[in-house]
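Me: Hi! I have a chain open on my screen and would like to go through it with you. Could you keep the answers plain?

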Amino acid sequence: MEVVEKKDDVEENELLLDGGFVVPETNSFGQTFRDYNAESERQSSVEQFYRTNHINQTYDFVKKMREEYGVLNRVEMSIWECCELLNEFVDESDPDLDEPQIEHLLQTAEAIRKDYPNEDWLHLTGLIHDLGKVLLHPSFGALPQWAVVGDTFPVGCAFDESVVHHKYFKENPDYNNPAYNTKFGVYSEGCGLNNVLMSWGHDDYMYLVAKENKSTLPSAGLFIIRYHSFYALHRAGAYEHLMNEEDVENLKWLKIFNKYDLYSKSKVRIDVEEVKPYYLSLIKKYFPEKLKW
């Protein structure tokens, strides 16, 4: 797949992407995006979230969760049913958003659709990228937010300083474990991100759901789902020594996607019923009618 990078024109505090999607200057709280130090009503709770997350996301914990949830034996439902299930939840790790999740899913998908009208797989990826957050639901064990949301990072090797609130990793048991605290840890140079364990959460879970249910989304779509919260990689360039050639190509699409995932979080409302038929047609194209979760 050939990727053509789109240029950003910054004028008068706005980021205008080709096709007309205008990136707002501030998030839902009137703050700049991903500012984890901003004095907002969410700041203290977000920091406490990351402290708990960084202490508990260990190599052994991730292996345990992948084994437990990878069997996909909890629920059978469609993609759209899952979208509706998410309406009950707000992401406590997100300093930019306090809307129900389906609002963000449709904001992201519709923003992408404006600028990339012919890439229907990317529209659908925008819709489903956060569906793994159903792990918060009682039917999925009602996992705590620290085990579902937030920025993701590799486990089994050193925690890079670019990971938000890095200081709290010092309380993680893996921090002082010589098997896990070096640059490569249990991995090797160019091994490919597919062979790297990421902190457990909705990204990896939704990737497993899509893969095991034999979604026909292209490799880039699955890559976006699995690594869209891996900000240390696609914003700071950390962990590139673990990537292979396919990762490098897919990362180009992830960086495009991230603009919409991050900056479409605003108070602009989407008419769900108006756009629903289009997304149902995409779901039918790329997924079975019912999925195992």
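Predicted model: local features only at pLDDT ≥ 70, side-chain atom pairs only at ≥ 80, totals over all residues.

Me: Let's start with His165: buried or exposed?
Reply: His165 counts as buried, because its relative accessibility is 13%. Buried here means under 20% relative accessible area, exposed means over 50%, and partly exposed is in between (1.4 Å probe, protein chains only). Residues are numbered from 1 along each chain as its sequence is written, and side-chain values use heavy atoms, with hydrogens and water left out.

Me: Where is His165, and what is its phi?
Reply: His165 sits in the loop between α5 and α6. Its phi is positive, about 55°, although His165 is not a glycine. Helices (H or I, at least four residues) and strands (E, at least two) are DSSP runs, numbered from the N terminus.

Me: Which other residue of that loop has a positive phi without being a glycine?
Reply: Ala142 is one, with a phi of about 45°, and it is found in the loop between α5 and α6. Ala142 counts as partly exposed because its relative accessibility is 40%.

Me: OK, zooming out. How many helices and strands are in the chain?
Reply: The protein chain has 10 helices and 5 strands. Of its 293 residues, 57% count as buried. Among contacts between residues at least 6 apart in sequence, 78% join residues at least 24 apart; contact means heavy atoms within 4.5 Å.

Me: Which positions does UniProt list as "binding site"?
Reply: The unreviewed UniProt entry gives the feature for His104, His129, Asp130, His202, His228 and Asp261. The record also lists Arg34, Asp91, Glu92, Ser93, Lys133, Gly150, Asp151, His228 and Ser229 under "binding site". UniProt positions are given in the numbering used here, feature names are shortened, and annotations may be inferred rather than shown by experiment.

Me: Take His129. What does it contact beyond its neighbours in sequence?
Reply: Leaving aside neighbours within four places in sequence, His129 is in contact with His104, Leu105, Thr108, His202, Ile225, His228, Phe257 and Asp261. His129 lies in the loop between α5 and α6 and counts as buried, because its relative accessibility is 0%.

Me: And Lys133, buried or exposed?
Reply: Lys133 counts as buried, at 5% relative accessibility. Its place is in the loop between α5 (120-128) and α6 (202-212).

Me: What about Ser199, where is that?
Reply: Ser199 is in the loop between α5 and α6 too, and at 2% relative accessibility it counts as buried.

Me: Why is α6 called largely enclosed?
Reply: Because 9 of the 11 residues of α6 are buried, it is largely enclosed by the rest of the structure. The buried ones are His202, Asp203, Asp204, Tyr205, Met206, Tyr207, Leu208, Val209 and Ala210. They pack against α2, α3 (79-85), α5, α7 and β5 (291-292). After α6 comes Lys214, with a positive phi near 60°.

Me: Now α2. Which of its residues are buried?
Reply: In α2 (residues 59-69), Tyr59, Phe61, Val62, Met65 and Tyr69 are buried. They are on the same side of α2 because they cover an arc of only 160° around the axis, taken from the directions from the helix axis to the C-beta atoms. The face turned away from that buried side carries the exposed residues Asp60 and Glu67. The buried residues of α2 pack against α1 (43-56) and α6.

Me: Last topic: which helix supplies the largest share of the lining of the second largest pocket?
Reply: That is α7, with 5 residues. α7 (219-227) and α9 (245-263) each supply at least two residues of the lining. The lining divides into 4 nonpolar, 4 polar and 3 charged residues; Ala, Val, Leu, Ile, Met, Phe, Trp, Tyr, Cys and Pro count as nonpolar, Asp, Glu, Lys and Arg as charged, and the others, Gly among them, as polar.
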